[in-house]
Amino acid sequence: MASLSDTTQTDPALDAARRVLRTEADALQLLAEQMPMDFAAVVELILRAQGRVVVSGIGKSGHVGRKISATLASTGTPSHFVHAAEASHGDLGMITREDICLLISNSGETSELRDLVAHTRRFSIPMVAISSKPASTLMKAADHRLTLPAAPEACAIGMAPTTSTTLTMALGDALAVALMEQRGFLAEDFRIFHPGGKLGAQMATVAQLMHVGAELPLVDAATPMSETLIEMTSKGLGIAAVVTGDRLAGVISDGDLRRKMEELMTHTAGEVANPDPVTVPPDMLAAQALALMNARKINALVVVDAEGRPEGVIHVHDLLRAGVV
């Protein structure tokens, strides 16, 4: 009797799925080996542009184009998508002479792109084309050509856009990442364009979540412990930052209180504080701060600047509320 695993391994649906994935993986490998000759020139063109990258296409190419435009915009390259059909009914006005047009058509003969092509030629707007047909009308009209390698579609009849859309999307990703690296686009920049949701939380910095000003539990090293306890209790963060002048001299945590419980009230804050506390800079990612807290088994960290001056306190509850996990 055949086992369940044997039956699963010979399932026609799984066979089809593997065939599709292998076909598309082979095509991606081919694209990596045969990168379009104009790729570097297109990167340089976009870097010099004063306007936006306007992406357009129709059908599946349009769907892929929307994704490419969104990826560009979220990684530091201003971009928007113009529907090819709507362009002929007024949306050409969304394209300026400072822009660059990126037009997508696997066949290179998409009639809906005709008015967009004519518009770029009339107003000398740089036009980049993505197509698998280098001799097509679109590619002949383009200033720069990103030619996809000849590769079969992954569907059984060889007609449904599968491999071609995968190649186009991958090429768009390659373009966006190349531009990111050329611009020196950092995690901090990425956070600006992704303030919401899980991704926004992971890209938040300590400075964006820390307690500052009147919320900061701060005492001088000479402060009696009776007053220090009041400060710690009123701020509710479980620690107190102890300073000498404007520099951090130590930190008092609940653990420090327990260790010095005997004759606690006879001491000053400086005598009870841990003189070598774990601190973090304000530009550290909140996710890194949480990892540090978990590793050191502490619930709060004092945030200090480069000169050792306390700027705030970050508590584990703040990170969890913000969705940093």
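## Terms and basis

A residue is called exposed at over 50% relative accessible area, buried at under 20%, and partly exposed in between, with a 1.4 Å probe and protein chains only. Helices (H or I, at least four residues) and strands (E, at least two) are DSSP runs numbered from the N terminus.

This is a predicted model, in which local features need pLDDT of at least 70 and side-chain atom pairs count only at pLDDT 80 or more, while totals for chains, interfaces and linings use all residues. Residues are numbered from 1 along each chain as its sequence is written, and side-chain values use heavy atoms, with hydrogens and water left out.

## Overall form

The protein has 16 helices and 11 strands. Its radius of gyration is 29 Å, well over the 20 Å that the globule rule gives for 325 residues, so the protein is more spread out than a compact globule. The radius is taken over C-alpha atoms, and the rule is 2.2 Å times the number of residues to the power 0.38. Along the principal axes, the C-alpha atoms fill a box of roughly 90 × 70 × 35 Å.

Of the 325 residues, 42% are buried. Contact means heavy atoms within 4.5 Å. Among contacts between residues at least 6 apart in sequence, 63% join residues at least 24 apart.

## Nonpolar cores

A nonpolar core is a set of buried Ala, Val, Leu, Ile, Met, Phe, Trp, Tyr and Cys residues joined through side-chain atoms within 4.5 Å. The largest one has 25 residues, of which Ile46, Leu102, Val128, Ile130, Leu146, Leu171 and Leu175 touch the most other members. Two or more residues of this core come from each of α2 (12-33), α3 (39-48), β1 (53-56), α4 (60-74), β3 (100-104), β4 (127-131) and α8 (163-183). A second, separate core has 17 residues, including Val82, Ile95, Val117 and Ala129. In soluble globular proteins, nonpolar side chains tend to be buried together.

Leu171 touches Leu31, Met35, Pro36, Phe39, Ile130, Leu146 and Leu148, leaving aside residues up to four places away in sequence.

## Helix α2

With 22 residues, α2 reaches 32 Å from its first C-alpha to its last, close to the 32 Å expected at 1.5 Å a residue; the expected span is 1.5 Å times one less than the number of residues. At the start of the helix, a side-chain oxygen of Asp11 comes to within 2.7 Å of the backbone nitrogen of Ala13. A polar contact is a pair of N or O atoms within 3.5 Å; within protein, one must be able to donate a hydrogen and the other to accept it, and residues adjacent in sequence count only if both atoms are side-chain atoms.

The buried residues of α2 are Glu24, Ala27 and Leu31. They cover an arc of only 55° around the axis, which puts them on the same side of α2; the arc is that of the directions from the helix axis to the C-beta atoms. What covers these buried residues includes α8. The face turned away from the buried side carries the exposed residues Leu21, Arg22, Asp26, Ala32 and Glu33.

In α6 (114-122), the buried residues are Leu116, Val117, His119 and Thr120. Their arc around the axis is only 160°, which puts them on the same side of α6. They pack against β1, α5, β3, β4 and α7 (137-141). Arg114 and Arg122 are exposed on the other side.

Just after α6, Ser124 takes a positive phi of about 55°. Ser124 is in the loop between α6 and β4 and is exposed, with a relative accessible area of 62%. Glu263 also has a positive phi of about 55°, although it is not a glycine. Glu263 lies in the loop between α13 (254-259) and α14 (269-272) and is exposed at 55%. Most residues other than glycine have a negative phi.

## His315

His315 lies in strand β11 (residues 310-315). The residue is buried, with a relative accessible area of 10%. Its side chain reaches the backbone nitrogen of His317 at 3.0 Å. His315 touches Leu237, Met293, Asn299 and Ala300, again leaving aside residues up to four places away in sequence.
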